[in-house]
Amino acid sequence: MKIHLVSGFLGSGKTTAIISTSKALMAKGMKVGVITNDQGKFLVDTHFMRLNDIPAVEVNGGCFCCNYGDFNKSLEQITQEIQPDVVFAESVGSCADIVATVVKPLMEFKTAHEEDTTLTTFTDARLLKIYLEGGDLPFQDNVIYIFEQQIQEAGILVVNKMDLLADHLLSELLERTSQRFPEKQILPLVSLTPESVTPWLEGLQSTLQYASTPLNISYKLYGSGEQELAWYDAQLRVESGTQSAVTWVQDFLGLVIQHIRQAGIPIGHLKFLVSDDVRYQKLSLVSGDTAHLIEVDQPEKWGERIELTINARLECSQEEIQQLFQKCFALSADETKTKVTVFAEEAFHPGFPNPTYRFA
Ligand SMILES: Nc1nc2c(ncn2[C@@H]2O[C@H](COP(=O)(O)OP(=O)(O)OP(=O)(O)O)[C@@H](O)[C@H]2O)c(=O)[nH]1
Ligand SMILES: [Mg+2]
C-alpha cells in the first residue's frame, strides 16, 4: 500500500488534486482511501470527498502531528474497511514538520515502507511567485514562516494552479523555483481534472520522495503562526420561505466576503459546502483570489432545503471571526421567512503544536 502525504499552505489545492487523482486511479480499478485533517469538527473537505464517492476518514480537532494516535487509527480503519492500494493523507494547511512528526514515525513503527511513502507540498503558483520575487505575501511573518517550512521539507514541490498564470510568467516562475530548490522535484500542475493531474501521478512514482533530513524548525515561530490564523466552522440548514433557500445562501456568501474585504482581514481559506438532496458544490475563496463574490451554480435547480457547512481560516482574532459571521447571520435575517437553523458553531485559535512523536 502506498501512502502519499499531501502538505501545503491553506487553499493551495490539496483536496482538489487528491479528488482528481483518486478519480483517475479509481477509473483504472485501483482502491483509494483518503484521510482528511483539520482543526474543527465539521470539515468541508471530508464531506466533499464522500460526496465525490471517495472513501474518506478524518482526523479532526487538530493536526496529524499532534494527534498521531488518531492518524494511525484512521489509517488502520481505512486499511481494514477498503484494503486500499493507495492512501492520500491531507494535512492541515497551516501544518509543517511532517517529515519528523508523521513520515518518520510511520517508518519507526514500521507502519509504512520508505519506498511506498511520499510527501508532496502544494503551493499556489500566485503566492509562490510573490514569495520568490521577494514581494509581500498578505500574511504576518510567522504565517509566511509556515509557508516556507512546508516548501523546505517537500521532496515533490507542486506549483499548482498554473492555469492562473500567463505562460511567460509561468516559465519564469519555474526557472526561479528550480534555481532556488535544485534538490526538489518541481511539478507544474493544474489540479482541476483527473486528466490534468497526470504529472503528479507520475511524480509520485519517483524515488525522490521527501527531504530526508527533518526540518530544523523553530516551534516558537511555527506555533505563533499557527495561532495567528483563527478557525471558524459552522453547520446550518436553510429552508425556503418566500424566497428560495439558495438565494439566502448566495446573499449570505456575498455578505461574508464583503465584510472580510472591508475589514482587510487576510484570508487563508474561506470554504463553503452547499448541498441539498440531489446536488452539491464546494465554494472557496483563498489568498490571491480577487473575487468579491462566489456563485452557486444554476440557482434555479436547488431544492427547498439546503445544508451549508462553513470552514474559515482567517488571519484575525477568534472574537473577530465569530463576530463577523454572527453579524452576517443577523444581517441575513429578513422578511422572507427563510428558516435558518445553526446546528453547531465554533471559533478558536488552534493550540500550540505539540507533536505526539518527533524523530529528528
Ligand atoms: N484555477 C485553479 N484553481 C484550483 C486549482 N487547484 C485548486 N484550485 C482551487 O483552489 C481552491 C482551494 O482548493 P482546495 O483543494 O480546497 O485547497 P486545499 O489546499 O485543500 O485547502 P485547505 O484544505 O484549506 O488547506 C478551490 O477553489 C479550488 O477549486 C488549479 O489547479 N487551478
Ligand atoms: Mg483541503
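This is a predicted model: local features need pLDDT of at least 70, side-chain atom pairs count only at pLDDT 80 or more; totals for chains, interfaces and linings use all residues.

Visitor: Why is α5 called roughly perpendicular to α6?

Guide: Helix α5 (residues 125–132) and helix α6 (residues 141–152) pack at about 100°, with axes 12 Å apart. Angles of 65 to 115 degrees count as roughly perpendicular, so α5 gets that label against α6.

Visitor: Which residues make that contact?

Guide: On the α5 side they are Leu127, Leu128 and Tyr131, and α6 brings Ile144, Phe147, Glu148 and Ile151. Sorted by class, that's six nonpolar residues, one charged and no polar.

Visitor: How do you know whether Gln149 is buried or exposed?

Guide: Gln149, which sits in helix α6, has a relative accessibility of 9%. Buried means under 20%, so Gln149 counts as buried. Leaving out residues up to four places away in sequence, Gln149 touches Ala96, Leu215 and Ile217.

Visitor: What makes β10 and β12 edge strands?

Guide: Look at the order of the open five-stranded sheet: β10-β9-β11-β8-β12, paired antiparallel. β10 (280–286) and β12 (339–348) each have a single partner strand, so one side of each has no neighbour in the sheet. On average, neighbouring strands here are turned by 10° against each other, ignoring direction.

Visitor: How do you know that β8 and β12 pair?

Guide: Pairing takes at least two bridges, and β8 (residues 230–239) and β12 share nine, in the antiparallel sense. So they pass the cut-off. You'll also find Val238 opposite Val340 in β12.

Terms used: Residues are numbered from 1 along each chain as its sequence is written. Chains are lettered from A and ligands numbered from 1 in the order in which they are written. Side-chain values use heavy atoms; hydrogens and water are left out. Axes are lines fitted to C-alpha atoms, for helices over the stretch in contact, and angles run from 0 to 180 degrees between N-to-C directions. Helices (H or I, at least four residues) and strands (E, at least two) are DSSP runs, numbered from the N terminus. Angles under 35 degrees count as roughly parallel, over 145 as roughly antiparallel, 65 to 115 as roughly perpendicular and the rest as oblique. Contact means heavy atoms within 4.5 Å. Ala, Val, Leu, Ile, Met, Phe, Trp, Tyr, Cys and Pro count as nonpolar, Asp, Glu, Lys and Arg as charged, and the others, Gly among them, as polar. Buried means under 20% relative accessible area, exposed over 50%, partly exposed in between (1.4 Å probe, protein chains only).
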